[in-house]
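Here are a few notes to read with the model open beside you. Take them one at a time and find each spot as you go.

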Amino acid sequence: MVIISQDMIKQFQNLMDTIDDPLKKTFENSHQGYPTEALVRFLKARDGNVPKAQKMLVESLEWRIQNEIDNILLKPIVPVDFYRGVRDSQLIGMSGYTKEGRPVIAVGVGRSTYDKASIHYYVQSHIQINEYRDRIILPAATKKFERHVSTCVKVLDMTGLKISQLGQLKLLTVISSIDDLNYPEKTDTYYIVNAPYIFSACWKVVRPLLQERTRKKVQVLSGCGKDELLKIMDYDSLPHFCKREGGGSGSSKHSRTSTGSSTDADNCFSFDHGFHQELYNYINQQAEAIESRAIISHKSFHVAFPEPDPDDQKIAQTIESEFQKLSHQNGVGDKVDDVIVKEYKEK
């Protein structure tokens, strides 16, 4: 793994001094007062190659300007029932902080269906969470923990993962490409929990394709991962699906305790969870400050999808191939082509 030197950073800074003012402005919005740390992230993403890192960062800043990313937290997904549907089908949330102050982002990979809206709404929601993390959550964590906090950890719940989810590869590749190209090195560690056989089989063939720095970030934990995760966070910060064996992701609409009472307030995927309530209220308040609530329209915020990174494409193709093998082994009749070709239409 390359070590980022002061000389690399200085060269990068000199190159960034020459960019146009609009790019400098959006760079200020994205680095949140820590420009050097932002440069280091892009240098790591390009293995210390300064010209490549500068090209990557400039293209990211151009993407931000062209797609008005600086204003995306002014664009609520409305009405509230429609947004609740997005949350019920795109399982992601924040459960707390590690002992070092990093936000704990939970992702329900296995039970996210992405079937309540067009791809554009899910991309919009994902970018809004990224921007809220970077502009609001991380600065607040820096203040709370009295140390600069610039990364999060992610806990990926694989409960419910099945072959038919190949149809989601298009969307997931888009989101992965957006993160890789515009939010590099924002995740310190990925923890995989509740991994079924289908994940284990794919992981064996996908792992060698990952870059070294990414492989080192991924830890596949036993079961729900509670014992290992408690080494880096308190019990209250555990995602709900890690607090008991076999807990699973659930969904915000259907999660229940053993007594039948609603657990929406504890389910970090739920729209009723504190994180999502704060996020939704923040975006709506920002929107109301610039326009009448009555004229906020029900439409998605279209973002230009980047060309997939060749490495991401190779990984997606490998996953398709492995799922096809598993499909044949399990006697699943659907052809992979029938599964993976899925049209996302506007509602």
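1. Start with the largest cavity: 15 residues line it, and those nearest its centre are S30, R41, F42, R64 and N182. A cavity here is a set of points, on a 1 Å grid over the protein atoms alone, where a 1.4 Å probe fits but cannot get out, and a lining residue has an atom within 4 Å of a point. Helices α2 (21-31), α3 (35-45), α4 (50-66) and α6 (119-145) are the elements that each give two or more residues to this lining. The largest share, four residues, is from α4. Helices are DSSP runs of H or I with at least four residues, strands are runs of E with at least two, and both are numbered from the N terminus.

2. A word on where this comes from: it's a predicted model, in which local features need pLDDT of at least 70 and side-chain atom pairs count only at pLDDT 80 or more, while totals for chains, interfaces and linings use all residues. Residues are numbered from 1 along each chain as its sequence is written, and side-chain values use heavy atoms, with hydrogens and water left out.

3. What kinds of residues line the largest cavity? Six are nonpolar, four polar and five charged. (Nonpolar covers Ala, Val, Leu, Ile, Met, Phe, Trp, Tyr, Cys and Pro; charged covers Asp, Glu, Lys and Arg; the others, Gly among them, are polar.) The volume of this cavity is about 130 Å³, taken as the space filled by probe spheres set on the points, with grid points joined across faces, edges and corners.

4. In total there are three cavities of 30 Å³ or more.

5. Now look at M233, in the loop between α10 (226-229) and α11 (274-288). M233 counts as buried because its relative accessibility is 0%; buried means under 20%, exposed over 50%, and partly exposed in between, with a 1.4 Å probe and protein chains only. Beyond its neighbours within four places in sequence, M233 is in contact (heavy atoms within 4.5 Å) with Y97, T98, K99, V104, L238 and P239. M233 and G101 are 132 residues apart along the chain, yet their C-alpha atoms are 9.1 Å apart.

6. Finally, find V220 in strand β5 (residues 218-220). Its relative accessibility is 41%, so V220 counts as partly exposed. Leaving out residues up to four places away in sequence, V220 touches I192, F199 and W203.

How values were computed: On a 1 Å grid over the protein atoms alone, a cavity is a set of points where a 1.4 Å probe fits but cannot get out, and a pocket is an open set with protein on both sides within 12 Å along at least five of seven lines; lining residues have an atom within 4 Å of a point.
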